[in-house]
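This report is for a reader new to the structure. Please look at the sequence and the model first.

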Amino acid sequence: MTDVPQIEEPAQPVLRVQTPDEVPAAGLKLDADVVIIGSGASGAVTAYELSQRGAKVVVLEAGPYVPSSRFTERLAGAFDQLYEDGGKQTNKSGDMVVLQGSCLGGSTVINAAVCFRAPDAVLESWGQNFGLDNLSPTAMAPYFDKVEKNLHIHPNGPHELNLNGRLISDGAKRLDIPTAPASRNIKHCALTGHCLSGCKTERKQSMLVTYLPWASELGATILSGTRAESFEVNNGRITEVHAVATDAEGVQKAVDVKAGLVVVAAGAIQTPLLFQKAGLGNSSGLVGSNFACHPSTAMLGEHPDDVYCWLGATISTYAGNIEDPKEGSYLLEAGFMGPLSMSTASDGGVGKEYVEFVEKSKKYLGAVTLIHDHNVGRVYWDNGRKRIDYNLDDRDFPSLQAAFRAAAKIYFAAGAKRVYLPTTRRTVIERADEVDSVINSLENGKHLYKLTSYHPQGTMRMGKNPKASVVGPDGKVHGLDNVYVVDASVFPTTLLVNPQETVYAMATYLSEGIGARG
Amino acid sequence: MKLYRRTFTKLSILSGTGALVLPACQGEPPAMGEAAKLTPDERVLIERFAEVYIPTAGTNLKPLAEVPYLDNIDRILERLDGATLDEVHTGLKLFDYGSIVLGFHLTRFGNLSPEDRLEYIIDWTHGGETQRAIAGVLKSFVAFGYWQDVGAAQRVGYQGPVSDEAKIVSLGNAPMPVDQAQPETPT
């Protein structure tokens with residue numbers, strides 16, 4: 001018998017996390033070179049990059065540390081366990097759910113792993129309109145290259161394309177709508193379709209299994225369940241961050257971190273709220289303004305075959321012209337969750353009509369629609385209550401209609417018998433030749449569409465002009481000497497495409513400048 | 001019926017109907033410490049709503065009575081902030097008592113016949129912004145409470161959790177990037 005060759009596995013870095021239960025009752029006082037608030041896409045990358053440069057880093061994450069082994073693969077349970085406000089965060093009107101991760105690793109833990117580079121046209125427009133020539137496609141390319149390599153970002157292979165994705169791509173091709181397999185940050189995907197509940201078997205290359213353990217291995221101190229609350233400010237510098245760790249018994253413990261540099265990476269909702277609470281960085285009056293979010297819907301089309309659109313890669317293919325986002329641009333991503341999502345994403349009617357709708361769950365083609373929306377929203381405190389004041393702008397409504405129109409036509413081209421629009425009043429299109437007339441008759445308004453946002457952006461706008469932006473091209477907050485913002489809140493406009501890869505690349509780029517300060 | 005529909009479309013819940021209906025509400029406010037759960041009145045309201053929204057009898061769906069959807073809805077409420085919770089309680093009360101005036105039923109939603117309850121839900125779905133919002137919340141609550149039950153979802157072909165059952169191995173943390181590993185500390 002011959003010996004089986006042994007493959008030497010590279011050592012796995014260990015993620016060490018200090019949970020609130022491990023914080024002494026008397027509290028904790030820490031000194032660091034850099035304190036990073038938030039551990040999602042941007043915070044984790046920054047923590048690793050700065051640790052790599054020898055900085056002593058402390059990461060404060062408000063959400064809990066939930067090891068992957070505790071993920072349940074049940075969406076409702078995951079909402080409670082991993083999402084901001086238990087998955088119930090909404091806009092002020094209450095007609096759009098805003099989903100964000102609230103756990104160590106942030107939204108990277110609960111996203112669908114879809115990766116796109118920011119379209120060149122978007123980066124070029126940032127240079128033209130906001131003076132951000134430093135973020136040109138050419139300048140950013142090495143950073144995209146780096147994160148794509150580190151996070152195993154690659155287009156789905158043929159084995160990862162489920163029937164839903166293949167049918168939708170086939171339909172798009174028949175209509176000459178650009179389509180391709182989606183790229184994802186995933187390794188050896190087990191095709192369980194449970195991305196949004198967290199990847200239990202650690203195949204999705206979220207921050208929880210990549211940059212955070214890497215930073216930890218390099219000596220970064222990572223605290224979970226620890227919310228930054230206020231700052232000590234002296235001469236335009238934040239000298240200390242005051243945070244509160246809340247343990248399992250509800251006991252609050254003070255965590256105070258003195259640091260030379262402060263990096264805020266809490267996401268496009270929590271970051272401006274933190275600055276507003278502290279009354280800092282708002283010389284432009286724009287902190288919290290310019291909120292945008294790729295308002296999304298989920299479209300269903302009833303196919304004659306059993307499609308099981310929830311099986312396999314959560315998102316397998318996409319359709320739409322993403323090279324040059326402009327007015328009316330949309331993106332369709334083939335994928336869907338189970339009957340829970342179907343019932344909350346579409347109005348299947350009531351009574352027997354609803355029962356017939358759900359009994360056909362396995363027949364549905366499913367795709368998420370995204371649009372390139374304008375930055376019309378605002379995030380602010382209202383008597384201690386977080387508010388996300390955002391409604392679909394009339395200028396963006398044609399984009400939503402265009403997305404509906406494209407999805408409906410693709411579904412019919414793929415063989416669908418009927419299409420369900422994501423309206424709050426049951427709207428069913430029975431024939432392909434009815435698509436235009438039905439969708440053209442829709443009106444914009446509150447509580448008329450089943451909207452979800454997965455991509456909050458834009459509330460701490462980056463730009464060269466301090467009067468028209470909150471942070472400069474290097475991420476430094478105007479008017480503060482040692483404070484940086486590195487998350488998606490700095491995007492001057494939306495991307496149209498999923499933002500996570502751009503956040504990773506941008507944080508990598510900004511970390512170089514921050515690290516150079518020593 | 002025409003009058004009924006016209007009444008709906010012309011009344012503004014908060015400025016008109018709400019003012020008419022709320023003084024007639026007799027339900028007890030939630031007791032202190034219990035505000036994050038459905039009140040007994042609300043549980044009855046949602047039961048009557050769910051019976052007509054998802055009529056499982058005679059279908060392949062898991063019977064409503066076997067799904068703890070009310071308890072699941074309680075868990076939703078536990079995660080809402082106080083102000084939102086107050087709005088939910090008010091919205092449910094408006095829906096429950098709205099039928100006294102709207103449609104001239106002169107009785108609460110829970111006392112309506114199944115046919116009238118169905119019609120009432122449809123009318124609210126097609127009503128003004130606040131009516132649509134409240135009807136949407138009720139539908140979402142019931143759907144969320146019902147479909148998170150794995151057994152209920154499996155009846156329509158959804159597989160539910162798989163990794164543990166299939167014993168899919170975990171890959172663990174990703175190795176450090178090869179060309180960027182920490183330089184070894186000089187000894």
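The text below covers a helix pair, a chain contact and a sheet.

This is a predicted model, in which local features need pLDDT of at least 70, side-chain atom pairs count only at pLDDT 80 or more, and totals for chains, interfaces and linings use all residues. Residues are numbered from 1 along each chain as its sequence is written, and chains are lettered from A and ligands numbered from 1 in the order in which they are written.

Helices (H or I, at least four residues) and strands (E, at least two) are DSSP runs, numbered from the N terminus. The axes of α3(B) and α6(B) come within 9 Å and cross at roughly 90°; axes are lines fitted to C-alpha atoms, for helices over the stretch in contact, with angles from 0 to 180 degrees between N-to-C directions. The two helices, α3(B) and α6(B), are therefore roughly perpendicular (65 to 115 degrees).

Residues are in contact if their C-beta atoms, placed from the backbone, lie within 7 Å.

| Helix | Range | Residues in the contact |
|---|---|---|
| α3(B) | residues 40-53 | B:R48, B:E51, B:V52, B:Y53 |
| α6(B) | residues 114-125 | B:P114, B:R117, B:L118, B:I121 |

Between the chains, the contact takes 47 residues from chain B and 54 residues from chain A. On the chain B side, α7(B) gives the largest share, eight residues.

In chain A, three strands form an open antiparallel sheet in the order β4-β7-β5; strands pair if DSSP finds at least two bridges between them. The edge strands are β4(A) and β5(A). Two bridges join β4(A) to β7(A), and A:C115 stands opposite A:S183.

How values were computed:
Parallel < 35°, antiparallel > 145°, perpendicular 65-115°, else oblique. Contact = placed C-beta atoms within 7 Å.
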